[in-house]
Amino acid sequence: ITASYYGMAETVIHFVIYEAIKARLQERYSGDSTNWTDFLRCMVAGATSKTIATCVAYPHEVARTRLREEGTKYRSFFQTLLVVYKEEGRAGLYRGIGTQLVRQIPNTAIMMATYELVVYLFSDSH
């Protein structure tokens, strides 16, 4: 369960960075956009923020995966991270991140743009 709690940090990091990127893009391109370019900017902000958040928080995914193995040397979240680091180095903590990014980035880009579209459609500002 501890590993899952640390997984929430990825979501927090993602949304904080997403909102910061979105604000900067809105500031830079205010009055210079169409709905289509706004959609693309939200996709870029979502993809960028998810990439950063995943890279920062990814070791928790490795720990969660290892803890699911039955009959292994892994007993707790922090102990698992320490064992992986000692035995495999930093690369062990990031094993599989490429696949995770390929799966997550397009999904998040589309999800965040869709989220912003729904917020726009239900707001009174348009």
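Contact, as the word is used here, means heavy atoms within 4.5 Å. On that basis, and not counting residues up to four places away in sequence, Ala3 touches His60, Arg64, Leu67 and Phe77. This is a predicted model, in which local features need pLDDT of at least 70 and side-chain atom pairs count only at pLDDT 80 or more, while totals for chains, interfaces and linings use all residues. Residues are numbered from 1 along each chain as its sequence is written, and side-chain values use heavy atoms, with hydrogens and water left out.

**Nonpolar cores**

- A nonpolar core is a set of buried Ala, Val, Leu, Ile, Met, Phe, Trp, Tyr and Cys residues joined through side-chain atoms within 4.5 Å, where buried means under 20% relative accessible area, exposed over 50%, and partly exposed in between (1.4 Å probe, protein chains only).
- The largest such core has twelve residues, including Ala3, Tyr58, Val62, Phe77, Leu81 and Ile97.
- Two or more residues of this core come from each of H3, H4 and H5, and H4 gives the most, with five residues; helices here are DSSP runs (H or I, at least four residues), as strands are (E, at least two), numbered from the N terminus.
- Apart from this core lies another, of five residues, among them Tyr18, Cys42, Ala45 and Met112.

**Aromatic pairs**

- Four aromatic pairs are found in a search of the whole structure; rings of Phe, Tyr and Trp (its six-membered ring) pair if their centres lie within 6.5 Å, and planes under 30 degrees apart count as stacked, over 60 as edge-to-face and the rest as tilted.
- The pair of Tyr6 and Phe77 is stacked, because the ring centres are 4.8 Å apart and the planes are at 10°.
- Tyr6 lies in helix H1 and Phe77 in helix H4 (residues 77–93), so this pair ties together parts that are 71 residues apart in sequence.
- Tyr6 is partly exposed at 40% relative accessibility, whereas Phe77 is buried, with a relative accessible area of 6%.
- Tyr58 and Tyr94 also form a stacked pair, because their ring centres are 6.3 Å apart and their planes are at 25°.
- This pair links Tyr58, in the loop between helix H2 (35–57) and helix H3 (59–68), with Tyr94, in the loop between H4 and H5, 36 residues apart.
- Tyr58 is buried, with a relative accessible area of 8%, while Tyr94 is partly exposed at 28%.
- Ring pairs link Tyr6, Phe77 and Phe78 into a cluster.

**Helix packing**

- Helix H1 (residues 2–28) and helix H5 (residues 97–122) pack at an angle of about 65°, with their axes 13 Å apart; axes are lines fitted to C-alpha atoms, for helices over the stretch in contact, and angles run from 0 to 180 degrees between N-to-C directions.
- In the contact of H1 with H5, His14, Phe15, Tyr18 and Lys22 in H1 meet Thr108, Met112 and Glu116 in H5.
- The axes of H3 and H4 come within 10 Å and cross at roughly 115°.
- Among the residues that meet there are Val62, Ala63 and Leu67 in H3, with Phe77, Leu81 and Val84 in H4.

**Arg64**

- Arg64 is in helix H3 and is partly exposed, with a relative accessible area of 24%.
- Leaving aside its neighbours within four places in sequence, Arg64 is in contact with Ala3 and Ser4.
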